[in-house]
Amino acid sequence: MVKKLIFVFFSILVSLFLVEIILQRLPHSTLKFYDNNIFGSALIPNQKEVFVSETSEYKNLVQVNSHGWPDIEHSYDKPDGIYRILILGDSFVENFQVPLEARFYRQLQNKLGSKYEIIAMARGNTGTAPQYLMLKNYGLKYKPDLVIHMFFEANDIKNNSPKMQNDPFLPYFTIDSGGGLVEIPRSNRIQKKLASIKEFLTNFRLIALLFSARRSIIEQNQSSRFGYPIDYHVYDKSYNEEYTKTWEATKKLILETKKMVENAGGKYVFVASPGNEQIQKDVQGKITQTYPKFSLSEIDFNKPGKILKEFCNQEAVDCYFMYPFFQEYLSLNPKARLYYFYDGHWNQTGTDVAAEFLYQNLKDYFKTK
């Protein structure tokens with residue numbers, strides 16, 4: 001009996017080992033991260049690794065500079081006669097979906113020429129709160145003349161809520177009774193029990209897939225509870241209490257980010273970009289088919305934009321919106337696709353349109369040199 005159990009155990013072990021070898025040979029991301037105690041997970045500096053989308057729709061080589069950002073090298077010292085533009089945001093600013101020189105910020109650099117310097121500072125899966133801290137602790141060291149703050153309408157609000165984001169290791173803010181911003185106490189991943197063991201285990205593809213499956217189950221349970229994924233509730237015509245509260249904290253974060261830039265002698269521009277489901281009709285159809293409770297009569301894909309426009313007008317924030325620009329492009333090119341269908345990020349065409357949007361709409365800022 002004991003021999004049989006030992007045989008079964010080693011058979012399972014060998015099988016798992018063979019599965020791991022096969023998985024390691026399949027395309028997968030090799031980017032490396034570390035726990036940054038200011039804004040969460042950060043890219044390890046000075047690496048050049050492959051990034052593969054979870055949907056396997058694309059893969060690209062990603063170069064990380066010595067400061068830990070997915071861009072070419074930039075010095076904190078600003079050269080004389082150079083107008084510095086820092087672009088702040090999430091995975092849409094990382095723009096891993098296309099090669100480095102084809103990314104929208106590199107295209108903008110080429111359009112503007114050598115008297116300008118474009119710096120991309122971004123981390124995927126972050127909202128306004130981590131970006132505020134990124135700029136405060138790292139971005140202002142570059143002494144930017146202009147900060148373009150990219151806001152992703154589809155999930156930046158969710159990212160700013162500890163309850164909806166469900167990641168205790170990211171920074172979040174709330175508004176106190178006096179109307180001021182207060183950072184919510186958060187967990188430290190490094191201090192979490194068995195954190196180092198878990199981090200080591202994720203080097204194994206099989207374990208990483210199991211963790212990914214666990215996340216998918218949690219997301220599915222959330223969808224069952226709320227009718228459809230929490231991200232899509234940003235388009236609800238009527239918000240629940242958590243979305244309403246998070247919108248107010250987000251507005252305050254935008255104002256504080258603007259104030260911080262201006263106090264440092266720079267100019268601040270806010271740019272809102274739409275999600276895949278806001279633009280591509282076939283994606284909307286897929287969502288309604290998958291989630292029957294996602295009724296087009298009960299949602300408004302332009303709801304985030306309407307809220308932001310009203311806020312920008314009230315608070316005198318210079319804001320620009322990509323939504324109509326993307327829609328106009330599709331009206332002239334009805335067969336075009338601007339996003340990867342499942343991954344939801346810009347493909348090369350969407351990246352090109354984003355670069356053109358910034359160049360055409362922010363010309364007045366570029367002329368202020």
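Predicted model: local features only at pLDDT ≥ 70, side-chain atom pairs only at ≥ 80, totals over all residues.

Reader: Is the crossing of α13 and α14 left-handed or right-handed?

Author: The crossing in which α13 passes α14 is right-handed.

Reader: At what angle do they pack, and how far apart are their axes?

Author: Helix α13 (residues 323-332) meets helix α14 (residues 348-361) at an angle of about 125°, and their axes are 10 Å apart. That angle makes α13 oblique to α14.

Reader: Which residues make the contact?

Author: From α13 they are Phe325, Phe326 and Tyr329, and from α14 they are Thr349, Gly350, Val353, Ala354, Glu356, Phe357 and Asn361. By class, this contact of α13 with α14 has 6 nonpolar, 3 polar and 1 charged residues.

Reader: Turning to the sheet, what is the strand order?

Author: The order is β6-β5-β7-β10-β11, an open sheet of 5 strands with parallel pairing. β6 and β11 (319-321) are at the edges with a single partner strand each, so one side of each has no neighbour in the sheet. From one strand to the next, the twist averages 20°.

Reader: How many bridges join β10 and β11?

Author: Strand β10 (residues 267-273) pairs with β11 in the parallel sense over 3 bridges. The bridge partner of Phe270 in β11 is Cys319.

Reader: And where does α14 touch the sheet?

Author: α14 packs on the sheet against β7, β10 and β11, and its direction makes about 140° with that of β11.

Reader: Now α4: why is it described as largely enclosed?

Author: Of the 10 residues of helix α4 (residues 128-137), 8 are buried, so the rest of the structure largely encloses this helix. The buried residues are Thr128, Ala129, Pro130, Gln131, Tyr132, Leu133, Met134 and Leu135. Their cover includes β5 (83-89), β6 (116-122), β7 (146-152) and α9 (241-263).

Reader: Lastly, the loops. What is the phi of Asn95?

Author: Asn95 has a positive phi of about 55°, although it is not a glycine. Asn95 is located in the loop between α2 (91-94) and α3 (104-112), and at 0% relative accessibility it counts as buried.

Reader: What about Lys143, and where is it placed?

Author: Lys143 is in the loop between α4 and β7. Its phi is also positive, at about 55°, and it is not a glycine. Lys143 is partly exposed, with a relative accessible area of 48%.

Methods. Residues numbered from 1 in each chain as written. Heavy atoms only, no water. Buried < 20%, exposed > 50% of the residue type's maximum accessible area, 1.4 Å probe, protein only. Helix = DSSP H or I, 4+ residues; strand = E, 2+ residues; numbered from the N terminus. Contact = heavy atoms within 4.5 Å. Axes fitted to C-alpha atoms, helices over the stretch in contact; angles between N-to-C directions. Parallel < 35°, antiparallel > 145°, perpendicular 65-115°, else oblique. Left-handed = near helix turned anticlockwise from the far one by under 90°. Nonpolar A, V, L, I, M, F, W, Y, C, P; charged D, E, K, R; others polar. Pairing = 2+ DSSP bridges.
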